[in-house]
Amino acid sequence: MTKNPEVTYANQDIIWSKFETIFFTISGLVNYAPVFRDYIYRGLEEFYQDNVFYLELRAMLCPVS
C-alpha cells in the first residue's frame, strides 16, 4: 500500500520488479504440500461452481515439501 502509486511505481519495470519480489516471497508457502493441495482444490471447486465443463490445467508442478 502506498499513498502515491504514480510516484512509487513510476514505470512498468519497477512494477514488474515488485511483482517478482512478491512471488519470490510467497514461493516457499505455495510449494508447501498442504497449502498447494488446498490451493488446487479451491481452484477446482470454483471452476465447478462456475459450471466450467472443460479445463486444461497448464501449471508447472514444482517439487513440494
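Reader: What makes the nonpolar surface patch?

Author: In this predicted model, the patch is made by Trp-16, Phe-19, Ile-22, Phe-23, Ile-26, Leu-29, Val-30, Tyr-32 and Val-35, and its area is about 820 Å². Helix H2 supplies the largest share, with 7 residues.

Reader: Why does Ile-26 count as partly exposed?

Author: Ile-26 is in helix H2. Its relative accessibility is 34%. Buried would need a value under 20% and exposed a value over 50%, so with 34% Ile-26 counts as partly exposed. A patch residue needs over 30% relative accessible area, and Ile-26 has 34%.

Reader: How many salt bridges are there, and how do you know that a pair counts as one?

Author: The count comes to 2 salt bridges. The rule asks for a side-chain nitrogen of Lys or Arg within 4 Å of a carboxyl oxygen of Asp or Glu. Arg-42 and Glu-46 meet with N to O at 2.8 Å, so this pair is a salt bridge by that rule. The other pair is Arg-37 with Asp-38, where the closest N and O atoms are 4.0 Å apart.

Reader: Why are Arg-42 and Glu-46 separated by about one helical turn?

Author: Both belong to helix H3 and they are 4 residues apart, which means about one helical turn between them. As a general point, an α-helix has 3.6 residues a turn, so residues three or four places apart point the same way.

Reader: What makes Asn-51 worth a look, and where is it?

Author: Asn-51 is found in the segment after H3. Its phi is near 60 degrees, a positive value in a residue other than glycine. In general, most residues other than glycine have a negative phi. Asn-51 is also exposed, because its relative accessible area of 55% is over the 50% cut-off.

Reader: How does the chain as a whole compare with a compact globule?

Author: A compact globule of 65 residues would have a radius of gyration near 11 Å, but the chain has 16 Å. Its C-alpha atoms fill a box of roughly 45 × 30 × 20 Å along the principal axes. Buried residues make up 0% of the chain. The chain exposes about 6500 Å², and carbon and sulfur atoms supply 62% of that area.

Reader: What secondary structure does the chain have?

Author: It comes to 3 helices and 0 strands, and from the N terminus on the elements run α-α-α.

Reader: How confident is the predictor in the chain, and which elements have the lowest and highest mean pLDDT?

Author: The chain averages a pLDDT of 86, and 92% of the residues score at least 70.

Methods
Residues are numbered from 1 along each chain as its sequence is written. This is a predicted model: local features need pLDDT of at least 70, side-chain atom pairs count only at pLDDT 80 or more; totals for chains, interfaces and linings use all residues. Side-chain values use heavy atoms; hydrogens and water are left out. pLDDT is the predictor's confidence in each residue, from 0 to 100. Patches are made of residues with over 30% relative accessible area and no salt bridge: like charges are joined within 9 Å, nonpolar side chains (Val, Leu, Ile, Met, Phe, Trp, Tyr) within 5 Å. Accessible areas come from the Shrake-Rupley method with a 1.4 Å probe; for residues, only the protein chains shown count as cover. Helices (H or I, at least four residues) and strands (E, at least two) are DSSP runs, numbered from the N terminus. Buried means under 20% relative accessible area, exposed over 50%, partly exposed in between (1.4 Å probe, protein chains only). The radius of gyration is taken over C-alpha atoms; the globule rule is 2.2 Å times the number of residues to the power 0.38.
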